[in-house]
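Have the model open while you read.

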Amino acid sequence: MAPRYLVSGTIRLDLADARLWLSGEPVVLRAKPFDFLRVLMESPQRLVTKEELLEQVWPGVTVSEAVITSAVRDVRRALGDDARRPRLIETAHGRGYRFLAPVEATDTPPTGPEPRPEPGIETPHTPSPGATPAPRLRPMAIGLILAAVVAAGGVSAALVWWGRYTPTPQKAAEVAKSVAVTPFTDLSPVMDQEWFAEGLTEEVLNGLARIPDLRVVSRESAAQFGDGGRAAVDAARGLGVAHLLQGSVRHEAGRRRVSVTLVRTSDGALIWSKTYDRDDQDAMSIQADIAFDIASTLRSVLEPEKLRAMVAAGTRSVEAYEAYLQGLALEQRELENGDVALTRQASEAFEKARALDPGFSDAHWRAARIWFGNATRINAAARGDVPADERLALFLERIQKAIDTSRDETERLKYEATQASMQMRIQAAHRAMAAYLERRPRDLDAWEEMADLAAYAGEPEWVVKAAERMHTLSVQDGLPRSRAVTVAVMAQRYDDATRWARAQMAMQPENAMLRYQAHRAMIGAGRAYEARTLLASIEGSDMPQANRLLAHVRQVCAEGRVEEARRVAARLGPGSPLATRWQAAQTLGDMRAAEAILRPYDTPEGLPVLMQFLIYPTFDPRAFPVLSARLEQEGVKRPPAAAIPHGCAAP
């Protein structure tokens with residue numbers, strides 16, 4: 001007889017009772033995800049292929065690999081594991097999955113105190129950002145501990161301890177017209193509708209976000225709430241969100257049934273529920289109906305006719321809408337596990353959607369964004385098979401079609417701003433984005449783009465405003481954006497950047513990118529001693545090697561160790577990212593080398609790339625005649641280039 005329990009650290013899988021326990025508390029896990037976890041834990045520290053998983057978890061049933069993606073996502077949420085920095089479940093892209101921790105099979109139920117986690121393995125029950133935090137230490141206790149640490153190891157040791165201590169964030173004030181949407185769950189018999197559930201979640205969010213008097217929590221933040229229950233309600237309430245929308249999808253015999261509930265977070269009361277039962281040919285109306293009904297329930301100020309038009313799907317083609325939803329789902333999965341191949345698949349899905357319906361503005365926009373990102377600085381590997389000038393041309397073609405077919409004047413402003421920026425019409429881009437943000441003031445992605453546009457246009461006040469809005473809004477949503485810290489550094493607001501970085505790290509102490517940006521801010525603020533407490537964790541992270549080397553260069557330059565900085569910078573070869581090589585040369589004080597790195601882009605074709613460096617206060621456009629002429633034509637006046645904060649002396 002097989003042992004009853006599989007135990008790994010604080011994880012206990014009770015095979016006889018089909019229950020998952022974490023730190024002595026039961027955790028709800030559906031049947032298929034439970035079986036998925038069981039199969040992995042039965043073969044710990046070994047690659048379990050997708051074929052094995054399909055055979056053991058879905059025996060005798062013909063299903064797509066999407067069911068595996070759904071199961072692993074549910075398990076990771078239950079265990080508090082991060083797909084990008086896995087401590088428990090590792091993805092072998094295209095092949096399968098591996099349970100990383102040792103597992104003991106036993107018939108003896110654990111007794112006494114809960115076992116300590118294995119070294120290097122995060123306790124799965126540790127609350128994720130947005131979850132109920134650990135009990136707060138009393139101020140006197142904190143002071144005594146800090147005093148003891150300082151006595152034992154000095155200020156640096158105290159700072160290291162403080163970096164590990166996570167203070168409890170204050171509860172946000174509730175906003176009456178606010179809602180968080182948790183990811184919809186696929187309850188279909190063969191679980192083959194994950195793509196529809198994910199895409200529908202995104203579309204409902206997009207529809208609700210267009211309503212001006214409604215605060216909508218970002219999908220990334222809502223995803224931390226899990227699949228529902230009291231913990232999700234408590235987490236949403238902690239972010240000041242008054243309502244939580246939860247839903248499920250079921251597909252059988254050519255019909256889709258979507259069930260949704262709206263819960264009041266103040267007391268967990270169900271205030272509204274509805275089931276939308278449609279045949280496949282009418283499925284596209286579901287997201288518009290959900291958004292309309294929610295906005296009506298929350299008493300939006302919009303007239304019903306305007307509200308209907310605002311939240312409607314942008315196509316009448318079922319095939320185009322389904323391809324579009326598949327693209328949204330693929331984009332979301334790429335965000336979760338970092339697999340750039342998914343971005344390429346999403347691009348293909350959006351291209352299919354826009355080909356099926358040439359009047360589908362949202363599909364043109366999503367397709368354009370992928371080409372835009374790869375023409376500049378995002379996911380370059382996804383479309384690396386196409387030359388840069390062709391990528392830019394493809395972007396411009398699609399963004400123009402998005403503008404031409406858009407039925408939403410506010411959305412059109414965003415499209416026009418993005419188009420104008422890539423055409424080097426800098427002032428027009430800035431004006432259009434400012435007008436868009438006046439109508440959609442909670443759009444975090446737009447504020448991020450505004451930071452760049454304001455820097456290009458020589459509008460430092462707007463750069464600072466964008467940084468402040470990104471920080472405030474993302475902290476309110478419980479998922480702070482390190483980009484706010486970066487932009488504050490670019491605005492030379494080093495003290496603000498350092499203060500924000502500390503606040504964000506208190507919420508996300510394990511976020512490597514945030515630590516990297518915090519280190520950058522502290523160097524700029526002249527706090528090299530404090531920055532050094534973060535360097536080891538940065539260098540030991542999974543960040544790209546080029547970023548880790550650049551952080552080292554900044555640190556040793558700030559400490560006056562010039563020769564060491566040069567040796568480390570020499571490891572950044574021609575294959576390293578353009579911006580990283582340029583920043584390293586500037587930090588070393590070698591301005592001629594920095595200019596030489598960017599000079600090939602001072603051409604009419606290269607300006608969309610070179611333009612991005614205008615956000616750096618240390619960038620001097622006078623060294624680039626083509627760019628300088630374009631800035632003069634646009635009437636852009638920039639302050640003199642700033643000195644490198646705490647960099648090495650020029651050679």
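The crossing of α18 and α19 is left-handed, meaning the near helix is turned anticlockwise from the far one by less than a right angle (clockwise would be right-handed). Helices here are DSSP runs of H or I with at least four residues, numbered from the N terminus. This is a predicted model, where local features need pLDDT of at least 70, side-chain atom pairs count only at pLDDT 80 or more, and totals for chains, interfaces and linings use all residues. Residues are numbered from 1 along each chain as its sequence is written, and side-chain values use heavy atoms, with hydrogens and water left out.

Now the pair itself. The axes of α18 and α19 (residues 494-507) lie 8 Å apart at an angle of about 165 degrees. That makes the two helices roughly antiparallel (an angle over 145 degrees). Axes are lines fitted to C-alpha atoms over the stretch in contact, and angles run from 0 to 180 degrees between N-to-C directions.

In the contact (heavy atoms within 4.5 Å), Ser482, Ala484, Val485, Ala488 and Val489 of α18 meet Tyr494, Ala497, Trp500, Ala501 and Gln504 of α19.

What about Arg483? This residue sits in α18, which spans residues 482-490. Arg483 is buried, at a relative accessible area of 18% (buried means under 20%, with a 1.4 Å probe and protein chains only). Two of its partners:

| Pair | Kind of distance | Value |
|---|---|---|
| Arg483 and Asp452 | polar contact, side chain to side chain | 3.0 Å |
| Arg483 and Gln517 | C-alpha to C-alpha | 8.0 Å |

A polar contact is a pair of N or O atoms within 3.5 Å, one able to donate a hydrogen and the other to accept it.

Terms used: Buried means under 20% relative accessible area, exposed over 50%, partly exposed in between (1.4 Å probe, protein chains only). Angles under 35 degrees count as roughly parallel, over 145 as roughly antiparallel, 65 to 115 as roughly perpendicular and the rest as oblique.
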